[in-house]
Amino acid sequence: MVERANKPKPPTLSSTPGLPPQPTVTFSDDNSRVIAELPTGERVEVLLYGATVISWKDAQGNEKLWLSEAAKLDGSKAVRGGIPVVFPVFGTAPDHPQARDLPQHGFARTSRWEFLGKSTSESMDGRAANEATVKLDFGLSSAAQGLDPIAPKHWPFKFNLIYSVTLSQKSLTTSIVATNDDSAPFECQVLMHTYLRVKDITSVEVHGLANAPYIDKVDNLAAKTQSDPTLTITGETDRVYTPQGDPTNDPVTVVEAGKPRYAVARDNLSNVVVWNPWTDKAQGIADFAPKEGFRNMICVEPGAVGGWQSVEAGDAFEGAQTITLLD
Ligand SMILES: O=P(O)(O)OC[C@H]1O[C@H](O)[C@H](O)[C@@H](O)[C@@H]1O
């Protein structure tokens with residue numbers, strides 16, 4: 001069932017003659033954030049600013065994403081935590097002719113996106129409550145009112161972005177389609193800057209990176225290879241990996257205290273950035289709170305950031321991540 005944003009429909013109980021009413025997906029949109037909850041209790045919250053997923057909870061109400069207590073949610077600064085969208089540049093690119101004047105991580109995370117609408121598949125379609133899913137679609141284009149003014153100034157291409165957030169019982173998928181509406185090609189990078197919540201970073205292992213080449217951003221961009229099949233975090237970590245396994249069938253997994261917690265699968269995103277600021281860096285980030293919060297997060301960021309995606313006029317780049325709960 002597809003409903004467009006301009007025809008909001010209050011949450012209802014669906015009923016089929018002869019059958020008891022089934023609980024359904026509930027939904028709210030207050031013009032600054034969109035919240036959807038499955039009949040089984042899983043819940044996602046997306047801020048229109050940056051189309052940033054700021055909360056993802058399981059049926060028991062356990063938060064799966066880390067969000068800084070000092071994160072600005074009022075549109076004055078990119079959100080520290082959740083899942084900011086990085087486009088069209090990852091980090092800064094002073095040597096890239098098209099992207100050199102853009103701020104760190106581009107302008108998608110500092111623009112106000114439009115909520116385009118939701119699609120649900122749920123009990124009304126004959127599905128059991130525990131199979132319900134909801135997809136929320138967000139849009140940002142070069143003509144959008146909410147576009148960060150830095151974009152036309154320093155990246156004057158005609159483009160259209162559709163970002164979709166799909167919640168199901170055990171997983172969250174975020175996907176992006178970046179269309180070139182211009183008459184000339186452009187180059188871009190795309191990344192989903194996911195802050196996963198963990199209980200204790202010192203008991204976390206990241207699997208799925210064995211033998212992966214990576215760029216070590218805390219060691220002068222040195223090119224290295226992941227020799228240990230398991231990555232543990234013992235200090236500031238900032239690495240751009242190119243995992244060697246199949247992006248769908250060999251996901252990067254986060255294991256905590258020996259128990260698998262998250263599997264991060266990718267579609268058309270060949271890189272995974274692993275970031276934890278650790279003590280000193282966290283101290284220096286104004287909106288990072290509490291300062292000990294680095295113990296409760298690990299960024300596992302699927303992206304296409306190893307090089308540049310050249311998108312021809314009229315063409316599009318597509319990529320997606322699916323995070324599956326394993327516990
Ligand atoms: O502080 P931000 O601009 O949000 O960036 C936070 C981090 O994002 C990525 O993980 C980069 O690899 C890091 O180098 C950067 O520090």
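Buried means under 20% relative accessible area, exposed over 50%, and partly exposed in between, with a 1.4 Å probe and protein chains only. This is a predicted model: local features need pLDDT of at least 70, side-chain atom pairs count only at pLDDT 80 or more, and totals for chains, interfaces and linings use all residues. Residues are numbered from 1 along each chain as its sequence is written.

Me: Is H193 buried or exposed?
Reply: H193 sits in the loop between β11 (186-192) and β12 (195-197). Strands are DSSP runs of E, at least two residues, numbered from the N terminus. The relative accessible area of H193 is 6%, so H193 is buried.

Me: Which residues does UniProt list for "active site"?
Reply: The record is an unreviewed entry. Such annotations may be inferred rather than shown by experiment; positions follow the numbering used here and feature names are shortened. UniProt lists H193 and E301.

Me: What is the relative accessible area of E301?
Reply: E301 belongs to strand β21 (residues 297-311). E301 touches H193 and W275, among others (contact means heavy atoms within 4.5 Å). E301 is buried, with a relative accessible area of 1%.

Me: How many Å apart in space are G245 and D29, C-alpha to C-alpha?
Reply: G245 lies in the loop between β17 (237-241) and β18 (252-256). G245 is partly exposed, at 30% relative accessible area. G245 and D29 are 216 residues apart in sequence, and their C-alpha separation in space is 39 Å.

Notes
Heavy atoms only, no water. Helix = DSSP H or I, 4+ residues; strand = E, 2+ residues; numbered from the N terminus. Lists of a residue's contacts leave out its neighbours within four places in sequence.
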